[in-house]
Amino acid sequence: MSRGLSTKLLLLTIVFVLLAEVLIFLPWIASYRLSWLKERLSTAAAVSIVLVQGEPASLSRAAQNDVLMAIGAKAIAVRDGGVSRLLVVAEMPPQVDEHIDIANVGLINGMTGALDTLFFGGERMLRVFGPVGDSDKEFELIMPDYSLRNAMLIYSRNVAFVSLLISLFTAMLVYAAIDLIMIGPIRTMTRSMLAFSEAPDDPGRIIRPAARADEIGVAERELSQMQERLQKMLSEQKHLADLGLAVSKINHDMRNILASAQLMSDRLRQVKDPTVQAFAPKLLRALDRAVSYSEGVLAYGRTQEPPPSRRRLRLRQLVDDVHGLLDTEGGIEFVNAVDPAFEVDADSDQLFRVLTNLCRNAVQAMAVDAENAVVRRLEVSAERVGSVSRITVTDTGPGLPPKARENLFAAFRGSARSGGTGLGLAIAYELIRAHGGTVELVESRGGRTTFAVTIPDQPVRLDQARNGLRRPA
């Protein structure tokens with residue numbers, strides 16, 4: 001943008017200077033034409049005075065032609081006391097196209113006559129007359145205008161060349177001055193805005209205003225202050241967003257854990273054992289302390305999932321633990337179809353959270369659809385394809401609505417039920433992505449919804465493999 005502005009400024013300066021030169025050129029060319037005619041008339045007057053004092057008839061034809069050729073005229077005459085006398089003549093033209101009174105040529109008439117001669121002359125015959133100096137005689141000159149037009153063309157060419165040089169030199173000076181005073185600072189502000197937009201959280205992208213008291217200095221200072229305020233605002237907004245997301249994620253998982261704990265505590269209350277009845281209130285208080293701890297743990301307001309601590313684990317046992325936390329007493333059948341020998345390379349706690357979120361979403365979906373469902377079943381299965389483990393969670397619920405499918409793994413937008421946050425799938429997606437795997441919706445329609453969790457095994461480092469091969473059997 002700055003280059004375009006500089007180019008426009010340079011071109012406009014050249015054009016404006018040339019326009020000024022054109023306006024000045026009109027009186028110049030008119031003055032040049034009049035001066036050229038006066039010069040020829042003055043020469044003719046000098047010749048006429050000599051001839052008047054002598055005898056014009058004594059000049060030979062060759063001498064008369066030489067005189068006329070020197071002046072560029074066809075005839076010379078003088079008017080004295082109302083009597084006109086033809087002094088020298090080469091050949092009298094049949095007609096005169098234009099009469100020019102040197103003493104009475106005005107500015108407008110001079111400019112129009114000059115332009116007329118410049119563009120349309122060259123083949124006309126002129127009668128130029130008027131007094132010369134202090135003489136009381138009036139001199140006349142009959143001459144063609146081609147010499148005048150050629151002289152005017154040469155003069156115009158020289159003026160155009162000089163005008164172009166002046167316009168270029170002036171444009172360069174004006175451009176250099178304005179570029180230093182305006183375009184350069186504007187270019188700096190433009191680059192600062194572009195750089196700031198790319199990384200608004202980088203303090204080094206804030207413009208450093210110059211110590212200027214003019215409008216450019218005010219604009220730079222205001223831009224710098226605006227960038228600082230915007231950076232501070234973005235930092236606060238990001239802080240709040242991270243805080244909100246962190247609290248929502250913890251509350252979501254904590255809500256699941258506390259719901260399961262409440263379910264077990266309700267079962268414990270039904271036990272008539274005095275010891276259990278004594279410990280039940282303590283358990284409830286411990287749950288309350290856990291809630292308070294989750295609210296105060298985020299002093300800074302940002303949480304990140306730790307990297308997975310991966311190891312080989314039995315998936316069937318992990319699925320049984322997930323089943324133990326689910327409320328499936330309302331007629332929901334839970335099927336653990338994982339082979340007892342199936343192993344997966346993953347972080348047990350994080351995979352537990354992933355399967356808990358997926359299974360709890362399925363149970364809640366089927367609980368809402370309890371009146372319409374004929375079969376309510378939740379099944380977890382697994383298979384291995386090479387070095388990749390694929391875990392599928394399938395339910396017989398109503399399926400996901402279109403809005404939930406469009407924002408499936410987006411926090412606060414991918415919820416399938418009213419009042420949900422959509423964090424379950426967002427958390428599962430984040431945890432599995434840290435394993436190098438994926439979570440995808442395989443199928444979702446009335447009566448069947450299937451999610452697939454794909455986790456690749458950890459690659460074995462070459463040095464570790466070599467060390468393992470070198471160990472003695």
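Helices (H or I, at least four residues) and strands (E, at least two) here are DSSP runs, numbered from the N terminus. This is a predicted model, so to speak of local features pLDDT must be at least 70, side-chain atom pairs count only at pLDDT 80 or more, and totals for chains, interfaces and linings use all residues. Residues are numbered from 1 along each chain as its sequence is written, and side-chain values use heavy atoms, with hydrogens and water left out.

Start with the whole protein chain. The secondary structure comes to 11 helices and 12 strands. Of its 473 residues, 35% count as buried (under 20% relative accessible area; exposed is over 50%, partly exposed in between, with a 1.4 Å probe and protein chains only).

Next, select residues 9-30. The span is 100% helix and 0% strand, with its end C-alpha atoms 32 Å apart. Then pick residues 159-183, which are also 100% helix and 0% strand, with 32 Å between the end C-alpha atoms. An unreviewed UniProt entry lists both spans under "transmembrane region"; such annotations may be inferred rather than shown by experiment, feature names are shortened, and positions follow the numbering used here.

Now jump to strand 12, residues 448-456, and click Thr454. Is Thr454 buried or exposed? Buried, because its relative accessible area is 17%. Leaving aside neighbours within four places in sequence, show what Thr454 touches: Val388, Ser389, Arg390, Ile432, Gly437 and Thr438 (contact means heavy atoms within 4.5 Å).
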